[in-house]
Amino acid sequence: MRRPAGRCASSPDGRSASEAGLKNQLVLILGDQLTPAISSLRGLDPARTRVLMVEVAAEAGYVAHHRKKLAFVFSAMRHFAAELRTDGWDVEYVRLDDAGNSGSLASEIERFRRRHGKLPLRVTEAGEYRVAEILRSVADVTIVPDDRFFISSAEFAEWAEGRSQLRMEHFYRMMRRRTGILMDGDKPLGGKWNFDSDNRNAATRDLMMTQPLQFTPDRVTREVLAMVTENFPDNFGNLEPFWFAVARGDAGAAFEDFVSTRLSRFGDYQDAMLAGEKYLYHAAIAQYLNAGLLDARHLCWVVDSAYRAGKVPINAAEGFIRQILGWREYVRGIYWWRMPGYADENALGASRPLPALYWTGDTDMACLASCVAQTREEAYAHHIQRLMVTGNFALLVGVAPAEVHRWYLAVYADAYEWVELPNTIGMSQFADGGLLASKPYAASGAYINRMSDYCHGCRYDVKSRTGTNACPFNFLYWDFIARHATMLRANPRMRMAADSWMRFSDAERKNVRASARNFLQALR
């Protein structure tokens, strides 16, 4: 790991006026643009360019971010500033606790210009709509496309316009053909496009599982941990132990470790959950990818090569690549195509406040308690824990989608709005009415019991549908079906469930609704 250079003061660096006068360009690097080849720097002369990086209170506090997430972003930014300096760039870095830090991006740009002259600003387009609006308000700014993705937002919009349905599978096949990843000419490697049906094995305790590669905090990270402790004492989440990679080389090593130790079994068990096993065979690298420490193209081609070399099975390679080349690109496209109104979608009219248990973990439901505790400890949960436990519960209860969105955005280290919002509004909460997902991802306790061991020893009975001892997922599921029966009957993938509800006896329907009502009153 490179050692960062000394702290850059927020005052001029002591160079002569003639040296300072050579600078004719200011480049702002945002906290999720930690990529040396970022488009804002490309083609510029380091001798004539100043680079500005800032930690500001407005970005740290627009939601109550998990303390591990804050520490990861701040430390990764500081290490990246050192990497840029090593590569010859003149970087001015403003820390959160620097004297004079004004607390917002726009005002820090203006403060820089007061110190160094009104240099024209160049910046790679922001990943979040809110930040993009801030940048558009800055004078004399050039915003260049972020080409770290496989497809631009404009190209996605062109693909999406006029389609009666947006389905990720159609988009994914187009992206496979476009890139050649996991392709043999015009045909998909392995003989079919999608091996999702081979990726639903339940895990058992006799499996040998490794942990993600972990790293000991260096001096810079220890300074950040102390700063987060002082400035964010009441934020959600355990700050330590802190083991994330914060530099490019270590992030790359974490990915290589996944490929060599866990990828081969990732496909089989990517939907599985085990109490106490936080990672199973997952990569746990999304925070590195989304911050810019890893490159999406590189990851996909490495996994493509691993399959072609016979090192991993096709369901593992395809399952991993589908998450990046398919789903990640797809949700980013939907985000920019539908914002800003997408954040306010609420097709099911859900209005309940987010239950306190999402912050405290104080519940007798073993699955929810385990997932919230893991989230508090690690700022991480894998996609099925998010979708089918915490997300499913919020959907069944009827929590306002905007509140669910703010929680996911706050608590996970990999959460940036462009990727988190569509996953929450569209996939998890079905708040867009089916634009993104083909059906609501609602499930009873039977699904959780099939894909996990959370139900073993839980105080609730996963086999019971009603009563005080019944698994709440059971009566909440059928209560959800009852509340939305008309809409669900029009959905081919949900019609059977809606029809099943109508076949319940009057007494059973009454008991289900009463169990749900009593539970929700206590939850409130």
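A: A helix here is a DSSP run of H or I, at least four residues long, numbered from the N terminus. The model is predicted: local features need pLDDT of at least 70, side-chain atom pairs need 80 or more, and totals for chains, interfaces and linings use all residues. Residues are numbered from 1 along each chain as its sequence is written, and side-chain values use heavy atoms, without hydrogens and water.

Q: What is the volume of the largest cavity?
A: A cavity is a set of points on a 1 Å grid over the protein atoms alone where a 1.4 Å probe fits but cannot get out. Five cavities reach 30 Å³ or more. The largest has a volume of about 440 Å³.

Q: Which helix gives the largest share of the lining of the largest cavity?
A: Lining residues have an atom within 4 Å of a point. Of the 24 here, Gly 31, Asp 32, Glu 59, Val 73 and Tyr 416 are the closest to the centre. Helix 2 (57-61), helix 3 (67-86) and helix 5 (129-136) each supply at least two lining residues. The largest share, five residues, comes from helix 3.

Q: Which helix gives the most to the lining of the second largest cavity?
A: About 170 Å³ of space lies in this second largest cavity. Its lining has 18 residues, with Asp 146, Arg 148, Phe 149, Asn 290 and Arg 328 the closest to its centre. Helix 11 (286-291) and helix 13 (314-338) each supply at least two. The most, three residues, comes from helix 13.

Technical notes: 1 Å grid on protein atoms, 1.4 Å probe; cavity = no way out; pocket = protein on both sides within 12 Å on 5 of 7 lines; lining within 4 Å. Points joined across faces, edges and corners; volume = space filled by probe spheres on them.
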